[in-house]
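Good morning, colleagues. I would ask you to look at the sequence and the structure together while I speak.

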Amino acid sequence: MSNPRSGAHAPAPAGARVVVIAPDSFKGTIGASDAARRIAAGWASVRPLDRLRLLPMADGGEGTTDAFELAVPGARRMPVTVQGPDDRPVHAHWLLLPDGTGIVELAATSGITLQDRLRPLDAHTLGFGQAIIAALDQGVTRLLLAVGGSGSTDGGSGVLSVLGGVFLNSAGRPVPPGNRGLARLASVDLAGLRPLPPGGALVLSDVTSPLLGERGTAAVFGPQKGASPKQVAQLEAGLARWAAFVGDGRAGTRVEVGTGTAGAAATDIAGSGAAGGTGFGLLAWGATLAPGADAVAAALGVPAAVAVASVVVTGEGRFDAQSVAGKVPGFLAALAADVGAQAMLVAGVIEAPTIGFAAAISLTDLAGGHERATRDAPVWLERASARLAAAYRPD
């Protein structure tokens, strides 16, 4: 198996193929780097002559800082302790790149996996904001904000409150953090927000959902965060009230609600619903939204690697309808199609058509159950990859 950082342009042996292995993390089960190694081991057991390029990926969710740390020599972890989404302290870090860019990951500071139990109405993004403040205080020149993997639906109000926003109820007192507090909003003042760093802030999003509506963050992701149908309606109402107030509370050059990109309402911008509406809140700060998978792939050199590959193997924990709209598998399948390579998929569970993939395997199906697949994920990843390798037929 070749070192992923070496031999990028060396010819493969006769009869062999260049295989790019670029999975996302299998959330809560195995990280992207370990998953890539296990997939590589399984593939090599069947096709030992193939030259393997391991490029563990992320899309703005869990593992984004790890991906950049792997890709950028001289990147430094900056420890920080923040208030987690359920108020307990979380020991995390953000990443400082040699050019002064700071990378802050929401999953590591306010993520869903940091909660002992889900709190759909009360979980918040205060910790994410605190980590951003730590990066600003360090003097970063630019921010990359990875917002996947959230456990809250607070519209980014937690982040903005830490950055200097003031959110009061009718009695003139601060509303509590989380979506529940949004229902009590009587005034919003964003005039005191900390300035963006000189190079701005780019939000790396793994979804294209708007803030509100049937495709919005509450409707689509609320149930995953523990919300009942009644609570989904509460989340939606809280976000709608938040959006109505944020337009009046904005200051300076920040885009007013209703005058967003290309004339669309800010609530309708693709990605404004990312991370329970944190994308919308960061737009109010003046940040810009971008597909996370594209940014991480560019840093890792994934497009150049795929351009000379015959096969691209990717994967994630749950492959569903969102996977082809900004997440790693859909991004890699599109890259492979552009250069005529075969894309293959391994996922913990497959819940959507795998159009665009030459072959796909569900670990849950292979293992005979979700519990077995999760408990012994490394073993099943190797077995799944070996099956993909055996199924590969060069064009």
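I shall speak about the sheets, then the nonpolar cores, and finally the aromatic pairs. Please bear in mind throughout that this is a predicted model.

Let me begin with an open sheet of five strands, paired in parallel, in the order E2-E1-E11-E12-E13. Strand E2, residues 51-54, and strand E13, residues 359-362, each have a single partner strand, so they stand at the edges and one side of each is left without a neighbour in the sheet. From one strand to the next, the twist averages 20°. Four bridges hold strand E1, residues 18-21, to E2 in the parallel sense, and Ile21 has Leu54 in E2 as its bridge partner. Helix H1, residues 32-46, lies across E1, E2, strand E11 and strand E12, and runs at about 170° to E2.

I turn now to strand E6, residues 142-146, where four of the five residues are buried. Strand E5, residues 101-105, runs parallel to E6 and is joined to E6 by five bridges; here Ile103 stands opposite Leu144. Strand E9, residues 201-205, is also parallel to E6, with four bridges between them, and Ala146 stands opposite Leu204 in E9.

Which residues touch the most other members of the largest nonpolar core? They are Ile132, Leu143 and Trp285, in a core of 55 residues. A second, separate core has 37 residues, among them Ile103, Ala305, Val328 and Leu335.

Trp43 belongs to helix H1 and Tyr392 to the segment after helix H15, so the pair ties together parts that are 349 residues apart in sequence. Trp43 is buried at a relative accessible area of 0%, and Tyr392 is buried at 4%.

The other pair is Phe167 and Trp242: with centres 5.1 Å apart and planes at 90°, this pair is edge-to-face. Phe167 lies in strand E7 and Trp242 in helix H8, 75 residues apart, so to speak of distant parts of the chain is fitting. Phe167 counts as buried at 7% relative accessibility, and Trp242 is buried at 0%.

Finally, Arg383 lies over the face of Trp380, at 4.6 Å from the ring centre. Thank you for your attention.

Note on methods. Residues numbered from 1 in each chain as written. Predicted model: local features only at pLDDT ≥ 70, side-chain atom pairs only at ≥ 80, totals over all residues. Heavy atoms only, no water. Buried < 20%, exposed > 50% of the residue type's maximum accessible area, 1.4 Å probe, protein only. Helix = DSSP H or I, 4+ residues; strand = E, 2+ residues; numbered from the N terminus. Pairing = 2+ DSSP bridges. Axes fitted to C-alpha atoms, helices over the stretch in contact; angles between N-to-C directions. Contact = heavy atoms within 4.5 Å. Core = buried A, V, L, I, M, F, W, Y, C linked by side-chain atoms within 4.5 Å. Phe/Tyr/Trp six-rings, centres within 6.5 Å; stacked < 30°, edge-to-face > 60°. Lys NZ or Arg CZ within 6 Å of the ring centre and 35° of its normal.
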